[in-house]
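This briefing covers aromatic pairs and nonpolar cores in a predicted model. Please keep the structure open while reading.

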Amino acid sequence: MYFWVEDNYWNARKDSLAELIKKYDIDIIGTQELCKEQLEYLMGKLPGWDYSQYMPLRPKDMGNGKRGFNNAIIYKKEKYQVLDEGTFFIQKDVRFCVWTKFKDKKTGKNFYFFNTHYPVNGDDLKKECSSKIIKEVKNQDENASVFLVGDFNSKNKEPCIAEILNSKIFADSKAISKTPPQGPPYSYREKDYGPNHEMLWRKQDYSITENKHIDYIFVSPNISVKSFICIDDTFNAIPPSDHRPILIEAELD
């Protein structure tokens, strides 16, 4: 699963996020913009899960009194063992990618889980980010089973997405799902902010799809995708995030 957390209106959303994870009984979650306090809260609510790759601050934030954020990977500790992990920058001192090498305790199979967050603007910059990730995957093990998840801040036809797909290392899980994709056609929710910086959700226009699909789960060729869902759940009429979580069911070949 991929899930964008962020800080806005957290107190109103935190219980819904924990409940969503338990409802779908999610094995592994790539998170975005998850602060330390949020991570600690979730770990308190999710006793069956642990986390890998917490990066408290970006180097450019050091000494500035900022809370910082990270791309922590949350996983079921009874099902998976962490074998290795790492972090590398895709944009100097700003954007990074984290990865964890897992072992499935039941099958004994190993796989990698990469989790990233691209810049908002700059086609060339974002394409370079994709190139750096592809290079790192090849450095680890080009033939391994690999998941790549994140907020790519890009339409599905932009150069950085084409760079990933043309590498032949990854396919878009939505495109290769063995069952029809479920849920809304795009992940991003339109929103405004109220006087107390609370999120105000706009009515969604599903006729406009391409420019709002920015979150992806890519998989290597040796991973079969059984299902894909863009989750549109709300709890007490409050969505867990302004990005809809992306969830797949997959199997290592």
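Phe111 and Phe147 are both buried. Their rings form an edge-to-face aromatic pair, with 5.8 Å from centre to centre and 80° between the planes. Phe111 belongs to strand 7 and Phe147 to strand 8 (residues 146-151), so the pair ties together parts that are 36 residues apart in sequence.

**Aromatic pairs**
- Phe111 and Phe147 belong to one aromatic cluster with Tyr75, Tyr80, Phe102 and Phe113.
- The count of aromatic pairs comes to 15.
- In the pair of Trp99 and Tyr112, the ring centres are 5.8 Å apart and the planes stand at 50°, so this pair is tilted.
- Trp99 sits in strand 6 (residues 95-104) and Tyr112 in strand 7 (residues 110-117), 13 residues apart, and their pair links distant parts of the chain.
- Trp99 has 5% relative accessibility, so Trp99 counts as buried; buried means under 20%.
- Tyr112, at 6% relative accessibility, counts as buried.

**Nonpolar cores**
- The largest nonpolar core has 22 residues, and Phe114, Tyr118, Ile133, Leu148, Phe152, Phe170 and Phe218 have the most contacts inside it.
- At least two residues of this core come from each of several elements, including strand 5 (80-91), helix 4 (159-166) and strand 12 (215-219).
- Helix 3 supplies the largest share of this core, four residues.
- Another core, apart from this one, has 20 residues, among them Phe96, Phe147, Val219 and Ile246.

**Contacts of Tyr118**
- Leaving aside neighbours within four places in sequence, Tyr118 is in contact with residues including Ile90, Arg95, Ile133, Phe152 and Ile164.

Definitions and conventions: Residues numbered from 1 in each chain as written. Predicted model: local features only at pLDDT ≥ 70, side-chain atom pairs only at ≥ 80, totals over all residues. Heavy atoms only, no water. Phe/Tyr/Trp six-rings, centres within 6.5 Å; stacked < 30°, edge-to-face > 60°. Buried < 20%, exposed > 50% of the residue type's maximum accessible area, 1.4 Å probe, protein only. Core = buried A, V, L, I, M, F, W, Y, C linked by side-chain atoms within 4.5 Å. Contact = heavy atoms within 4.5 Å.
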